[in-house]
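Here's a quick briefing to read with the model open beside you. Have a look at the chain first, then work through the notes below.

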Amino acid sequence: DPWIFDFGDNQLIRVPVVRLTAILWEVQFLLLRPAHLGDPYRRSSSPLTSGGAMTDLLHLYQPIADYGATGNLRTVALIGRDGSLDWACFPNMDSPSVFCALLDRQRGGRFRISPSGAHKGTQHYLTDTNVLVTEFSSGPNHLAVTDLMPLSGNILARGESHALPELHRIIECEGAEAAVDLEWSPRFDYARERTRIEKVRGGWLATGGSARMVLAGMEQGSI
């Protein structure tokens, strides 16, 4: 069955389980302008109105130590050990956010890729790079999500590097089949803009105000 993500008035995507086995799959989203889709952690009641409010609230947010970072000398994205990209501003560090679940898990938006039912994995960087790898191991299968922002040119000199506003998320699965959950829920301008999402050739297009974002390489799913 598909997972349905609901944020009230915003349009959301409904993504079916994706089954992978010993394949390399790349999911790429391109931000044509500064860039918003779901929430698998949704609960029926607000943690602020239930007993032990502060304990519940802290449980919903990951410690900052559980996040790794990848960037391109212009901006940075924070990805948690659960495979969720919870913070990113595009195309520059001082641009409005497009994912900010780090601050508001219900309305902020995220881009999460993780094995179905998994909690937290482990993270490391490829040697001498900021290419971040989040790994999940469960029984007979092993899943790795590699995150990077392409960068070329001389990275040691000011103004001599080149970077498109892109984030590449590469999924590798080894061993037995693994059911993978994917949620893409951009929220433009700190979730203040109304987001519209539509299916386009090769993927999905999200718009909000003057901002646009494209998710490429993932044609399955529904709004």
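**The β17–β18 hairpin and the rest of the chain**

Let's start at the hairpin of β17 and β18: two residues sit between the strands, and Gly202 has a positive phi near 85° there. Keep in mind that this is a predicted model. Overall, the chain has 19 strands and two helices.

**Chain totals**

- Of the 223 residues in the chain, 46% are buried.

**More on the hairpin**

- β17 covers residues 196–200 and β18 covers residues 203–208; the two pair in the antiparallel sense, with five bridges.
- Across this pairing, Ile197 stands opposite Ala206 in β18.
- Lys199 lies over the face of Trp204, 4.8 Å from the ring centre, and these two residues fall within the ranges given for β17 and β18.

- Gly209 is found in the loop between β18 and β19 (211–216).
- With a relative accessible area of 59%, Gly209 is exposed, because the cut-off for that class is over 50%.
- Gly209 and Arg194 are 15 residues apart in sequence, and their C-alpha atoms are 7.5 Å apart in space.

**Aromatic rings**

- The count of aromatic pairs comes to two.
- In the pair of Trp87 and Tyr190, the ring centres are 6.4 Å apart and the planes meet at 40°, so this pair is tilted.
- That pair links distant parts of the chain, as Trp87 belongs to strand β7 (residues 84–89) and Tyr190 to helix α2 (residues 188–191), 103 residues apart.
- Are the two partners buried or exposed? Trp87 is buried, at 17% relative accessible area, while Tyr190 is partly exposed, at 37%.
- Elsewhere, the charged end of Arg169 sits over the ring of Phe111, 5.0 Å from the ring's centre.

**Backbone spots worth a click**

- Phe90 and Pro91 are joined by a cis peptide bond, with omega about 0°.
- Pro91 is in the loop between β7 and β8 (97–99).
- Asp128 has a positive phi near 60°, and it is not a glycine.
- You'll find Asp128 in the loop between β10 (122–125) and β11 (132–138), and its relative accessibility of 79% makes it exposed.
- Ala191 is another residue with a positive phi that is not a glycine; its value is about 65°.
- Ala191 is part of helix α2, and here the relative accessible area is 9%, so Ala191 counts as buried: the limit for that class is under 20%.

**A nonpolar patch on the surface**

- Which residues form the nonpolar patch on the surface? They are Leu73, Leu151, Ile155 and Leu156, and together they have about 440 Å² of accessible area.
- One of them, Ile155, is in the loop between β13 (152–153) and β14 (161–162).

Conventions
Residues are numbered from 1 along each chain as its sequence is written. This is a predicted model: local features need pLDDT of at least 70, side-chain atom pairs count only at pLDDT 80 or more; totals for chains, interfaces and linings use all residues. Side-chain values use heavy atoms; hydrogens and water are left out. Two strands pair if DSSP finds at least two bridges between them. Helices (H or I, at least four residues) and strands (E, at least two) are DSSP runs, numbered from the N terminus. Buried means under 20% relative accessible area, exposed over 50%, partly exposed in between (1.4 Å probe, protein chains only). Rings of Phe, Tyr and Trp (its six-membered ring) pair if their centres lie within 6.5 Å; planes under 30 degrees apart count as stacked, over 60 as edge-to-face and the rest as tilted. A charge sits over a ring if NZ of Lys or CZ of Arg is within 6 Å of the ring centre and within 35 degrees of the ring normal. Patches are made of residues with over 30% relative accessible area and no salt bridge: like charges are joined within 9 Å, nonpolar side chains (Val, Leu, Ile, Met, Phe, Trp, Tyr) within 5 Å. Accessible areas come from the Shrake-Rupley method with a 1.4 Å probe; for residues, only the protein chains shown count as cover. A salt bridge is a side-chain nitrogen of Lys or Arg within 4 Å of a carboxyl oxygen of Asp or Glu.
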